[in-house]
Amino acid sequence: MSLGCCVSSYLSINAIDFQCRGIVTNLREVLVHQELNETLTTLTTVTILAILESFHSVTVFTTLLPEEQEKMRAAGNAAASVLDMITPFVLPGVTTEDLNTRCHDYITNDLQCIPAPLHYTSSADIPPFPKSICTSVNQVVCHGIPSPTKVLKDGDIVNIDITVIKDGFHGDTSKMFFVGEPKPFAKRLVEITQECLYRGIRTVKPGARLGDIGHTIQSFAEDKGYSVVREFCGHGIGKKFHTAPQVVHYGRPDTGASLIEGMAFTIEPMINLGRRHVRILSDQWTVVTADRKLSAQWEHTILVTSNGYEVLTLRDEEQFV
Ligand code: MF3
Ligand code: CO
Ligand code: CO
């Protein structure tokens, strides 16, 4: 029997189980409300779906209940406040380790939250992430590891990526900073990348599809002469840091999963000045552009609402949405 047959038969059986609070959108996408998701035990539908997911045959999406959305709002606000707190300290001469220490102390002492990156493991063969934030300078695309030897200098661009866990829920957001005076070509890359994020966000509403978000971002970035990183993407978020769906920043309109009220995910485009290709350094985390040209990234955590979106990690300085 082909895998395709297996998929259909499992799903037709399990579609029945899901009728109370899950929604089967098609044979490749299943929505499960978080509450239901948690009441299911091992060797039930979720396990079967997880196995099917590992074959890339089906994607399980979780939507958040209103009280869970409220906790995501609080987590998002907390993460955003870390970026506000660190802003005056991003200066020439400061090390990325200094930034990490300040953010770690603020997250743990002031916010009483957990810095999600610290000791985070994405897979068994990669060492846990050793720091509390990611600091990605110039040609570093993402997942830069703060270091006492990495001194910021005038003209650098740096992404600071913050994820906190508050009351069991994650808020994930990042922004670009100019260290001293930016070069015009760096400033333009950073500003266009922010606009990519904003345009992606404005695409979000129930019924819109993931491909619409990707297409909006890709077409804007490429029109400006930049390229979109393919290997890393936005992600579903909630009690877990990284979950389905994968929110890629390229694609075709009217393709991919449809968005539904109550879904939460990040949009976090990584846009390169040169070619889109990336390398991973020997530390197994740091992602750099293959051509060592500049890369920029901005990230927000988004909730799909009844008629559009809510930016859970919005900062006061942002009035656009
Ligand atoms: N915050 C990153 C994201 O946007 C993930 C960082 S994982 C880490 O998804 F381990 F590198 F911190
Ligand atoms: Co993220
Ligand atoms: Co992030």
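# A guided tour of the predicted chain

Among contacts in the chain between residues at least 6 apart in sequence, 70% join residues at least 24 apart; two residues are in contact if their C-beta atoms, placed from the backbone, lie within 7 Å. This is a predicted model, in which local features need pLDDT of at least 70 and side-chain atom pairs count only at pLDDT 80 or more, while totals for chains, interfaces and linings use all residues. Residues are numbered from 1 along each chain as its sequence is written, and chains are lettered from A and ligands numbered from 1 in the order in which they are written.

Begin with the whole chain in cartoon view. The chain holds seven helices and 18 strands, taken as DSSP runs numbered from the N terminus (helices H or I, at least four residues; strands E, at least two). Of its 321 residues, 47% count as buried, that is, with 20 or more other C-beta atoms within 10 Å of their own C-beta atom, placed from the backbone.

Next, select Val-82, Val-164 and Ile-302. These residues have the most contacts inside the largest nonpolar core, which has 74 residues; such a core is a set of buried Ala, Val, Leu, Ile, Met, Phe, Trp, Tyr and Cys residues joined through C-beta atoms within 7 Å. Helix α4 (residues 66–86) gives the most to this core, with eight residues. Not counting residues up to four places away in sequence, Val-82 touches Cys-103, Tyr-106, Ile-107, Ile-162 and Val-164.

Strands β7 (residues 157–166) and β8 pair in the antiparallel sense over ten bridges, where pairing requires at least two bridges found by DSSP. Ile-157 has Phe-178 of β8 as its bridge partner. The two strands form a hairpin with two residues between them, and Asp-167 in the turn has a positive phi of about 55°. Nine of the ten residues of β8 (residues 169–178) are buried, so this strand is largely enclosed by the rest of the structure.

Move on to the open sheet of three strands, in the order β6-β15-β14 with antiparallel pairing. Strands β6 (140–142) and β14 (278–280) stand at the edges, each with a single partner strand, so one side of each is left without a neighbour in the sheet. Within this sheet, β6 and β15 (residues 287–289) pair over two bridges, and Val-140 has Val-288 as its bridge partner in β15.

Finally, select ligand 1. The residues around it include Tyr-120, Cys-134, His-143, Asp-161, Asp-172, Trp-285 and Glu-299, a residue being near if its C-beta atom, placed from the backbone, lies within 6 Å.

How values were computed: A residue is buried if 20 or more other C-beta atoms lie within 10 Å of its own, exposed if 12 or fewer, and partly exposed in between; C-beta atoms are placed from the backbone.
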